[in-house]
Amino acid sequence: MEFLNDIKLCTGCGACANICPHDAVIMQEDEKGFLKPFVDTTRCTECGLCKKVCPLLNFQSDNFESPQAFAFINQNNEVRMRSSSGGVFPAFAKYIIEKGGAVFGAVYDSSLKVCHDAAYDLKDIEKMQGSKYVQSDTKYTFRAVKNALTTGKPVLYTGSPCQIAGLKSYLGKEWENLLTIDLICHGVSSRRVFEMYKKEILKKIKDNGRLTGLNMRDKNFGWGYGFFVTITTTNASYHLHKTEDDFQQLYLHNLSINDSCLQCKFNKIPRTADITMGDFWGVEDYDSSLNDKKGISAVLLNSAKGQKYFKELISTDQIYSEEVPAEVIIRNNITIISSSIPHPRREEFFKDVVASKKRLSQLCEKYLKLRPNILKRIFRKLPPKLQRIIKRVLLK
Ligand SMILES: Cc1cc2nc3c(=O)[nH]c(=O)nc-3n(C[C@H](O)[C@H](O)[C@H](O)COP(=O)(O)OP(=O)(O)OC[C@H]3O[C@@H](n4cnc5c(N)ncnc54)[C@H](O)[C@@H]3O)c2cc1C
């Protein structure tokens, strides 16, 4: 196997693996733990399709230069609480499923690895809800999308902007029955770092069971910058504030994210998908009455198709939406138009990951000076009244 290495800043979207007629391109993790295309030279006929389809080399979005922006709340409380923001995704997913369509999104598989999958009924949508801040393996979902589209079914595909660019590049033309939604994307974390985390977390929470679930943004403790992670095992559930969770700390400090995320070609306007969804950060300064702390989304309508689907959705479902100036959304979520800035010691961090001599907790100690457990110790020494005030501010 040879690494298809002349495509710099490969995002691992999988378009090349999906298009190869000989299944000669195989997505595998590189040493840092990011999916990259490798070529089985015994199968490759050098037809060049893998390069032609690469969105880094060939994708241009013709979406709007000035998208309309909305605040969005899915008013089905139970559904919204399972989602990371205001429940935009499950609202569109329900709409497509009820029309007999197929929905594609990111799930945890049986080994809690993150990958894309298809859903054809409402129950399967639940697995796609919730942000998983890890690079998702799109597998052969682009091929499955094409099959579904050719039968005339409505299809919804959700993913990072680079995955949507990969899908569109693979399809090669617009399909009226395809709706795409991209995420406002801070970047994706290494799959290898995520595996290290899964191995260590049970020890940290002192549980001798098996890891069965992970909610990276549990809104039962409120929606905001100071979120909680819920770890579920065969024995119990545990809630860690993001500052106590090694995986979140490494991700949020831009240590564990992909090289391509640091020079993202797709975090810009025009966006890659018909619709963009993310958190409506800064909503409290815009209109605090909108923030009930259960999650509020920001939506950008990037194409006429996106506008059409949005109009249909809000006329038929339990949705609250309100148009807001796009600048308000972008100002508080700058990754809509730019890449994340790397941690100054990111390269060194990955050298340590590759050497695999240190545990994740030791890497946190080494690279993030202000360790959460130090903060925790200081916090516990504070008077209870002050502790309560700090908690209230963090949970805002
Ligand atoms: C890696 C990542 C980075 C993000 N960065 C930001 C950010 O900087 N600012 C911001 O405002 N919002 C960001 N988001 C988006 C935000 O967290 C919510 O996912 C989004 O607002 C949708 O929320 P929801 O309530 O509508 O849907 P939910 O019901 O929570 O649905 C989650 C949606 O995200 C998709 N998804 C989940 N994990 C992945 C993954 N690993 N790869 C591809 N798709 C995935 C699912 O397919 C589904 O469509 C990010 C999400 C992810 C996954």
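**Close-up 1. Helix α5 and its covered residues.** Helix α5 spans residues 88-98 and is mostly covered, since 10 of its 11 residues are buried. Here, a residue is called buried if 20 or more other C-beta atoms lie within 10 Å of its own, exposed if 12 or fewer do, and partly exposed in between, with C-beta atoms placed from the backbone. Helices (H or I, at least four residues) and strands (E, at least two) are DSSP runs, numbered from the N terminus. The buried residues of α5 include Val88, Phe89, Phe92, Lys94 and Ile97, and the helix is followed by Gly100, whose phi is positive, near 80 degrees. This is a predicted model, in which local features need pLDDT of at least 70 and side-chain atom pairs count only at pLDDT 80 or more, while totals for chains, interfaces and linings use all residues. Residues are numbered from 1 along each chain as its sequence is written.

**Close-up 2. The largest nonpolar core.** A nonpolar core is a set of buried Ala, Val, Leu, Ile, Met, Phe, Trp, Tyr and Cys residues joined through C-beta atoms within 7 Å. The largest one has 99 residues, of which Cys16, Phe92, Val103, Leu156 and Val299 touch the most other members. Its largest share, eight residues, comes from α5. Because domain 1 (2-52) and domain 2 (53-342) both give residues to this core, it lies between them; these domain bounds come from an automatic or database domain assignment.

**Close-up 3. Strand β5 and its two partners.** Six of the seven residues of β5 are buried, so this strand is largely enclosed by the rest of the structure. Two strands pair if DSSP finds at least two bridges between them. β5 and β7 pair in the parallel sense over three bridges, with Ala102 standing opposite Val155 in β7. Six bridges join β5 to β6 (residues 114-119), and these two strands run antiparallel, with Ala106 opposite His116 in β6. Five residues lie between the strands in the hairpin of β5 and β6, where Leu112 takes a positive phi near 60 degrees.

Close-up 4. Strand β12 is mostly covered, with five of its five residues buried. Three bridges join β8 (residues 178-183) to β12 in a parallel arrangement, and Leu183 stands opposite Met277 in β12. By five bridges β12 is also joined to β13 (residues 297-301), and this pair runs antiparallel, with Asp279 opposite Ser297 in β13.

**Close-up 5. The residues around the ligand.** A residue is near a molecule if its C-beta atom, placed from the backbone, lies within 6 Å of it. Of the 33 residues around the ligand, Ser83, Phe89, Gly105, His186 and Gly278 come nearest. The elements α5, β5, β7 and β12 each supply at least two residues of this shell. The shell divides into 13 nonpolar, 18 polar and two charged residues, where Ala, Val, Leu, Ile, Met, Phe, Trp, Tyr, Cys and Pro count as nonpolar, Asp, Glu, Lys and Arg as charged, and the others, Gly among them, as polar.

**Close-up 6. An open sheet of three strands.** This sheet has the order β9-β10-β11, with antiparallel pairing, and its edge strands, β9 (211-218) and β11 (237-241), each pair on one side only. Five bridges join β9 to β10 (residues 228-233), and Asp218 stands opposite Phe228 in β10.
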